[in-house]
Amino acid sequence: MKFYQASSSVDGKTPVLVRRNGQVELVAIEDLMPPDAPPGEATVPLEGVEVLTVNDDYEVVFAPVSHISRHFKDHLYTIRFSTGGELKVTGDHSVIVFDDEGRLVEKRVDELKKGDYLISYVGSQFPKQASLEIPSGLEVRQEYRSRTKDYRESIEVTPQLMKFLGYYLAEGHCDLDPVRRLYRVSFTFNINENGYIRELKELAQALFPSLTVYETPKPEANSITITIIGKAVASLCAQFGTTAHTKRIPAWVWELEPKLIYEFLIGYLGDAYIKETEITYTTINPRLATELVYLMRNAGLGCRIYKRHNPAHLSPQGVLIPPADCYDIKISSRYIKQLLGDGKHLKHWKQSALECLPSVIFRKAFENTCYHKIAYKPLASKDKIKHLAEEHNVELPPHLKALLNSPLGIVKITSIKKEEGEFWVYDLSVPEGQRFWGGNVPVLLHNSEMFGKVREVPQNENTPFYPRSPYGVAKVYAHWITVNYRESYGIFACSGILFNHESPRRGLEFVTRKVTYGAAKIKLGLAKELRLGNLDARRDWGYAGDYVKAMWLMLQQPEPGDYVVGTGETHSVRELCEVAFGYLGLDWRKYVVQDPAFFRPADVDLLVADPTKARTKLGWKPTVSFEELIKMMVDADLQLLERQMKEGKEVE
């Protein structure tokens, strides 16, 4: 089954879950761009970075990232979807929808409508730990360690510890100040929360038996503060942040098996709103809110997130809290049973859309048996489909079986809004499938094979060939037959691996000439529009005259060889349009129309030369810039068209 997903030229703030040098963290995609990357549009390799993805067996796992790309866009679409998700993505990329046979097919973002579905997930398959030793975070000189209460270099992660840390994330505040010798963790509860207070004290005494636990009632504030003093507990809790605004999930928590995550979330119930139908976790920290969503999803808990404005109010201590945005992460009764391990929520059980698929997918498979049992609803739960298939002896196609047994589910688009402006957007290249999860609620993204089948960027004489067109295949043959004759018969034969070289003599079927000629026609009133394909395709375009000079220099060398010739910089078709039309005083956006008919079935979106060998051995370098080249071609096409008009010739 071919897997399509949301294409991802996404806003730089889009969260993605990555593993960098073995450490898992949720980051904004723009933060993956190395600090030494060139400014502006850039494509650079990434080392030691993996991103959460879906493999060909529909398992949610980590896979290596090879490159990150940053480029400019003049618009973004904001897609909002059920479960409180929001994604900002370019309109000329695609998202996935189900066809009537359950296949996942592409649909452009600017063709989407309210009610279409995206892919999300509940559950992950990357390796997780049932037990773990973590660094304590204690920094104590060797001679003082015996005098430090509860000193230890590492701490074993247990259900008790995770529940304690859940309490800290919900209700705790940490003072870790070596200069002032202040090492303190405080928890604040409502005066009536006796069960939580008692359990926290028991956990603290069991985990840190040498430390003293203080209880301070504050009747005037209707609260009780539990305080634990000691380097050991303060250093541990500080790994989660010290205040409500700085709290976060440490890297090691992401590696834990679901049972330990459940204990962590049960501890967090100390600051949750609990009803029979749902549990609501609340935080003012937007980063922590998104981390909790991913943490819950990875542990198999379907959750939703909603942002709300909290007006000014008094804290339990009587302090005026200023107005702020809050984030509610909700778990429905379907997953409360899973979290708490009891059955009292079963009577409120309701199937989540995250575990459903569109009913129409199963029309063909169930057509003559039981389709009428699900046809009346747009969605059918995976459990119900499995039950019907078994009950009616229906053998489902392999791709539907795989989907039914995967963690993948759907979210429904609730609104789409286009925004014009100036935006920097980002892509990741994931060689294992070109897909990854992203967004404040994870949806499956794809970068439309931004790097095609290119094996490395940039490409030099040693880069393996992977042609993506019959023309490219023929050129690879020409290269190797040249090498073969040189080595077999001693012929002085050079193979020039020339990247795109352009001039006014270029044929009209090539995109550079198509753009300059089309722009000139529009300027002269001979055409009203120019239809093009992929505006994001990038090429290393140079001036043909410079490349002829490189060919001549190859033949002047004492020994024959192979040389990559190019400028070493790339430009998009969009930039090509900007330069050509701008030179004529025209706004290209008013005249250029993207036409799917001109998209290649197998295209390479990034080709950039590494001409180091040509530069060092031949002394060659390009003399005409990209802008100069395009203006040269525009001038030539203007002159050509004006001459044809003057002579009364028919214009192509």
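The legends below describe close-up views of a predicted model.

In this predicted model, local features need pLDDT of at least 70 and side-chain atom pairs count only at pLDDT 80 or more, while totals for chains, interfaces and linings use all residues. Residues are numbered from 1 along each chain as its sequence is written, and side-chain values use heavy atoms, with hydrogens and water left out.

**View 1. Helices α11 and α13 pack against each other.** Helix α11 covers residues 511–523 and helix α13 covers residues 573–583, where helices (H or I, at least four residues) and strands (E, at least two) are DSSP runs numbered from the N terminus. Their axes lie 10 Å apart at an angle of about 35 degrees, and α11 passes α13 in a right-handed crossing. Axes are lines fitted to C-alpha atoms, for helices over the stretch in contact, and angles run from 0 to 180 degrees between N-to-C directions; a crossing is right-handed if the near helix is turned clockwise from the far one by less than a right angle, and left-handed if anticlockwise. On the α11 side, Val 511, Thr 512, Val 515, Thr 516, Ala 519 and Ile 522 meet Val 573, Leu 576, Cys 577, Ala 580 and Phe 581 of α13, contact meaning heavy atoms within 4.5 Å.

**View 2. A four-stranded open sheet has the order β19-β20-β24-β21.** The pairing in this sheet is antiparallel, and two strands pair if DSSP finds at least two bridges between them. The edge strands, β19 (272–274) and β21 (303–310), each pair on one side only, and the twist averages 25 degrees from one strand to the next. Strand β20 (residues 278–283) is joined to strand β24 (residues 324–332) by six bridges, and Thr 282 stands opposite Asp 328 in β24. Helix α6 (residues 333–340) lies across β20 and β24, and runs at about 80 degrees to β24.

**View 3. Another four-stranded open sheet has the order β4-β3-β6-β7.** Here, too, the pairing is antiparallel, and the edge strands are β4 (23–28) and β7 (60–64), each of which pairs on one side only. The twist averages 40 degrees from one strand to the next. Strand β6 (residues 49–54) pairs with β7 over five bridges in the antiparallel sense, and the bridge partner of Thr 53 in β7 is Val 61.
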